Amino acid sequence: MSAEELADFLGVPLKTVYIWNHRHQGPRAHKVGRYLRYRWPEVEAWLEAQAVDRTV
């Protein structure tokens, strides 16, 4: 998916996705030409890692 699609899916501004990429904080991005692309399994894994443990 594109950076724009990721931002829409996560409900965050596009600029946030680019900042995450620059800081190596968000899902792993792949450079295709001059564009960032994200693989769905990597986005899902990143989201799972962000989950809040509510059992405490």
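User: Contact means heavy atoms within 4.5 Å. With that settled, which residues does L6 touch?

Analyst: L6 touches M1, V17, P27, Y38 and V43, leaving out residues up to four places away in sequence. A word on the basis: this is a predicted model, where local features need pLDDT of at least 70 and side-chain atom pairs count only at pLDDT 80 or more, while totals for chains, interfaces and linings use all residues. Residues are numbered from 1 along each chain as its sequence is written, and side-chain values use heavy atoms, with hydrogens and water left out.

User: Good. What elements does the chain have?

Analyst: Three helices and two strands. Their order from the N terminus is α-α-β-β-α. Helices (H or I, at least four residues) and strands (E, at least two) are DSSP runs, numbered from the N terminus.

User: What box do the C-alpha atoms fill?

Analyst: Roughly 45 × 20 × 20 Å, taken along the principal axes.

User: How much of the chain is buried?

Analyst: Buried residues are 23% of the 56 in the chain. Buried means under 20% relative accessible area, exposed over 50%, and partly exposed in between (1.4 Å probe, protein chains only).

User: Which residues of α1 are buried?

Analyst: A3, L6 and A7. Down the axis of α1, the buried residues fall within an arc of 100°, so they line one face of the helix. That arc is taken from the directions from the helix axis to the C-beta atoms.

User: Why do residues three or four places apart point the same way?

Analyst: An α-helix has 3.6 residues a turn, so residues with that spacing point the same way.

User: What does the buried side of α1 pack against?

Analyst: The buried residues of α1 pack against α2 (14–23), β2 (35–37) and α3.

User: New topic. How many salt bridges are there?

Analyst: One. E42 pairs with R28, and the closest N and O atoms are 3.5 Å apart. The pair links distant parts of the chain, 14 residues apart: E42 is in helix α3, R28 in the loop between α2 and β1 (30–32). A salt bridge needs a side-chain nitrogen of Lys or Arg within 4 Å of a carboxyl oxygen of Asp or Glu.

User: Is R28 buried or exposed?

Analyst: R28 counts as exposed, because its relative accessibility is 55%. E42 is partly exposed, with a relative accessible area of 21%.

User: And that loop between α2 and β1. What is the phi of H24?

Analyst: H24 has a positive phi of about 60°, although H24 is not a glycine. H24 lies in the loop between α2 and β1. At 73% relative accessibility, H24 counts as exposed.

User: Which residues form the nonpolar patch on the surface?

Analyst: F9, W40 and L47, with about 280 Å² of accessible area together. Patches take residues with over 30% relative accessible area and no salt bridge: like charges are joined within 9 Å, nonpolar side chains (Val, Leu, Ile, Met, Phe, Trp, Tyr) within 5 Å. Accessible areas come from the Shrake-Rupley method with a 1.4 Å probe; for residues, only the protein chains shown count as cover.

User: Where does L47 lie?

Analyst: In helix α3 (residues 40–49). L47 counts as partly exposed, at 34% relative accessibility.
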